[in-house]
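Q: Please take a close look at one part of the model shown below.

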Amino acid sequence: MLAKRIIPCLDVDRGRVVKGVHFVDLVDAGDPVECGKRYDRQGADELVFLDITASSDDRHTMVEVVQRVAESIFIPFTVGGGIRDTGDVQKILHAGADKVSLNTAAVKNPQLVRAGAEKFGSQCMVVAIDAKRTAAAPGPAWEIYIHGGRTPTGLDALDWAEQAESLGAGEILLTSMDRDGTQVGYDLELLQAVTSRVGIPVIASGGVGTLEHLFQGLTLGGAHAALAASIFHFGTHTLQQAKDYLRARGVVVR
Amino acid sequence: MITIVDYAINNLHSVQNAFRSLKIPSQISQDPETIRSARKLILPGVGAFGDAMENLRARKLVELLRGKADDGTPLLGLCLGLQLLFSESEEFGPVAGLDCIPGRVRRLPPEVQVPHIGWNQLHLVKSDPLLEGVAEGSFVYFVHSYYADPVDAGHVVATTDYGIDFTAVTRKGNVWATQFHPEKSQDVGLRILRNFAGL
């Protein structure tokens, strides 16, 4: 059976792993290479590395860190942050990443998703969506934000997810901005809305505080994979505990 | 020394990183002479079948790899590298492959989500030194849309269930191949690479 994936996420700011609440108030959570190695040993199914200040920072640092992380882990590795064109995609894949995650660049230039999928294959093109609930109807229930959650776009998250799939994205990394870092659980309605709209795997992100939340995202939410940062970085739970818990509740995990 | 065949694709370094962590010497090469004299060969692969065959042809590696398969050199194909070892592929084709193992590469059935991405289980069909120490039901990492269908069921070492039971590990004499990525399959994958090095 195909297993549900548990994916620790490293938000990296100037070469350090950080974690914030609602995308701000960053707290230092360690060295990316050490974190990556630890998660690989602990049984992470994949590792996601997001350079959250990449748009304003030195790109070389990032490529170098990606390379060092890639050398020390033996699981699939996704890298996002500041990737603007197929040249950047190539650089990151060459540094050892298996997939790239596009967010701002994909919204601004959807053809980048298509170009990347044609050149490198859909399997390495992940479209990351930062979605936030809107005030009220009429209009979309969730709006997408770019620039690390700083800029609203007015675009409907569900429409964009569908478009990303048709452009050739292999997966969607869906983050609820309302829940990010709050540890109160995934936005299950958002997850359900997106997983029922697209056929490609959806990675749930934003809000995990307990193992029950992972279970909810993978079952009720319909996600193929659950991404979490805070509960793993700060030692609330280990990956092994998460796997044991999910297995006991009947979810197929590695 | 294990030689990893370079034909302009992306995951070469992951394979080399895996060998490095196992302290097993390996080199990446596209040089026909180096490949001709290799004691053990890895044929990695990501991407489309036709492009990969084009690249191999452009580098004059098609006949060379067939020759190595015939002269008894242990050869391990990974992912697309497995598919290339078969007679032909349906992907944008039929396109002819290296034809070291008789069989056709087919698209995964329409009732499952394609590509097949993620960790899935190995079901052992017969014992083989490549899988020594690998338990029935072990999870390994797959990313693919096509699978190989050997003419001779005797060439199937392990299968995986994804809509159908497809060939996850194949062997014909000195030629082995895995549809999954051992270099991305943590302990189980590293064990397989170590087993290959020890053959």
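Q: Is Cys35(A) buried or exposed, and what is its relative accessible area?

A: This is a predicted model, in which local features need pLDDT of at least 70, side-chain atom pairs count only at pLDDT 80 or more, and totals for chains, interfaces and linings use all residues. Side-chain values use heavy atoms, with hydrogens and water left out, while residues are numbered from 1 along each chain as its sequence is written and chains are lettered from A in the order in which they are written.

Cys35(A) is buried, its relative accessible area being 2%; buried means under 20% relative accessible area, exposed over 50%, and partly exposed in between (1.4 Å probe, protein chains only). The closest cysteine sulfur to that of Cys35(A) belongs to Cys9(A), 11 Å away, which is too far for a bond. A disulfide is a pair of cysteine sulfur atoms within 2.5 Å, and by this rule there are zero disulfides over all chains. Cys124(A) is likewise in no disulfide, since the nearest cysteine sulfur, in Cys79(B), lies 12 Å away. Cys124(A) also counts as buried, at 3% relative accessibility.

The C-alpha atoms of chain A fill a box of roughly 40 × 40 × 40 Å along the principal axes. Among contacts (heavy atoms within 4.5 Å) in chain A between residues at least 6 apart in sequence, 65% join residues at least 24 apart.
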